[in-house]
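Here is a short tour in questions and answers. Take a look at the structure before reading on.

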Amino acid sequence: MDSFFHKHRTPAYKPFLAWFCIFALVWTTLLLYAGGITTSIRAGMAFLDWPLSNGSINPEGWLTEPDKMAEHSHRLLGMIVGFLTTIIFFWFLVREERPWLRRLGRIALLLVILQGVLGGARVRLDQLNILTEHNLIAQFFAVTHACTAQIFLCILVAIAVASSRSWIERQAGLSHEPNQSLKTWGIIACGCIGIQLILGAVMRHSYAGLAIMTFPLIPDGILMLIPSQWDFRIGIHFAHRVGAVAVVIGLFGFLLQIWKDAKTRRSLGNWAIGILCLLCLQ
């Protein structure tokens with residue numbers, strides 16, 4: 001195995017580092033799934049303290065009670081991802097020559113620390129009003145925690161891709177700067193996705209995913225597209241549907257710019273197809 005890595009090593013491509021980034025990305029994906037399950041079964045307040053769980057890193061009953069298992073697993077996975085991200089940060093500091101990738105490593109470390117603080121703040125603030133139906137401050141931290149998790153995942157994906165041999169070789173062959181239209185549509189697409197993430201997180205933590213029970217049309221709506229009755233849950237759900245349309249437009253514009261330029265298509269064409277497939281699946 002060691003000879004395999006050394007055989008494929010180049011001054012720019014470091015196999016051990018590239019595979020470690022993928023390893024960290026897998027753990028981060030598991031962490032997001034654990035967070036999603038915790039939110040779905042409303043187990044975020046299974047423990048009222050933080051960073052420990054009932055004063056312990058191995059609280060009694062956490063393997064037998066579903067809500068405690070979900071929340072404590074989420075916390076343990078968060079610790080693992082934090083540890084892996086710290087290793088990536090120092091590895092980049094010592095071995096990575098690309099300044100922008102070192103910056104991404106710093107941002108990833110700051111975000112994983114922020115994630116822990118946001119999750120802890122959510123618990124600490126929510127327990128102050130545990131008997132009330134709504135705690136807007138705690139909800140704000142919960143929504144921010146959810147959005148930051150997605151941003152952190154995207155940064156780790158970028159780190160893993162940029163560390164791969166395929167990306168390094170393709171970038172070496174990309175001798176021209178992307179045109180301004182590609183940059184502009186990229187910013188528009190990212191902006192639409194960012195807003196959609198916020199809307200989705202608010203909807204998720206308001207448990208409004210089924211506020212409108214039919215899709216894509218609304219039987220009792222205006223022209224079967226716009227609800228005839230409104231409240232907050234219906235409003236945020238409908239805004240999320242509108243946001244999805246904006247994301248489709250933004251991404252199609254971005255992908256079209258990739259496909260229009262022959263050199264960019266050769267370098268990024270496969271990634272564009274992958275994005276299109278994920279968009280359809282979503």
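Q: How far apart are the closest N and O atoms in the salt bridge that Arg-98 forms with Glu-96?
A: A salt bridge is a side-chain nitrogen of Lys or Arg within 4 Å of a carboxyl oxygen of Asp or Glu. Arg-98 and Glu-96 form such a bridge, and their closest N and O atoms are apart by 2.8 Å.

Q: What kind of structure is this, and what pLDDT do side-chain atom pairs need to count?
A: Residues are numbered from 1 along each chain as its sequence is written, and side-chain values use heavy atoms, with hydrogens and water left out. This is a predicted model, in which totals for chains, interfaces and linings use all residues, local features need pLDDT of at least 70, and side-chain atom pairs count only at pLDDT 80 or more.

Q: Where does Glu-96 lie?
A: Helices (H or I, at least four residues) and strands (E, at least two) are DSSP runs, numbered from the N terminus. Glu-96 is found in the loop between H3 and H4.

Q: Is Glu-96 buried or exposed?
A: Buried means under 20% relative accessible area, exposed over 50%, and partly exposed in between (1.4 Å probe, protein chains only). The relative accessibility of Glu-96 is 6%, so Glu-96 counts as buried.

Q: Which residues are in contact with Glu-96, leaving aside its neighbours within four places in sequence?
A: Contact means heavy atoms within 4.5 Å. With neighbours within four places in sequence set aside, Glu-96 is in contact with Lys-14, Leu-17, Trp-91, Leu-101 and Arg-102.

Q: How many salt bridges does a search of the whole structure find?
A: One joins Arg-98 and Glu-96. Another joins Lys-68 and Glu-65, with their closest N and O atoms 3.7 Å apart. Glu-71 and Arg-75 also meet in one, at 2.8 Å from N to O. For the whole structure, the search finds 3.

Q: Which helix holds both Glu-71 and Arg-75?
A: Glu-71 is buried, at 6% relative accessible area. Arg-75 counts as buried too, at 11%. They lie 4 residues apart, about one turn of the helix, and both are in helix H3.

Q: Is Glu-65 buried or partly exposed?
A: Its partner Lys-68 counts as buried, at 15% relative accessibility. Glu-65 has a relative accessible area of 33%, so Glu-65 is partly exposed.

Q: Which residues does Ile-88 contact, leaving aside its neighbours within four places in sequence?
A: Ile-88 is among the residues with the most contacts inside the largest core. Setting aside neighbours within four places in sequence, Ile-88 is in contact with Phe-20, Cys-21, Ala-24, Leu-156 and Ile-159.

Q: How do the rings of Phe-20 and Phe-23 pair?
A: A search of the whole structure finds 6 aromatic pairs. Rings of Phe, Tyr and Trp (its six-membered ring) pair if their centres lie within 6.5 Å; planes under 30 degrees apart count as stacked, over 60 as edge-to-face and the rest as tilted. The rings of Phe-20 and Phe-23 have centres 6.1 Å apart and planes at 45 degrees, so the pair is tilted.

Q: Over which ring does the charged end of Arg-42 sit?
A: A charge sits over a ring if NZ of Lys or CZ of Arg is within 6 Å of the ring centre and within 35 degrees of the ring normal. The charged end of Arg-42 is 3.6 Å from the centre of the ring of Tyr-207.

Methods. A nonpolar core is a set of buried Ala, Val, Leu, Ile, Met, Phe, Trp, Tyr and Cys residues joined through side-chain atoms within 4.5 Å.
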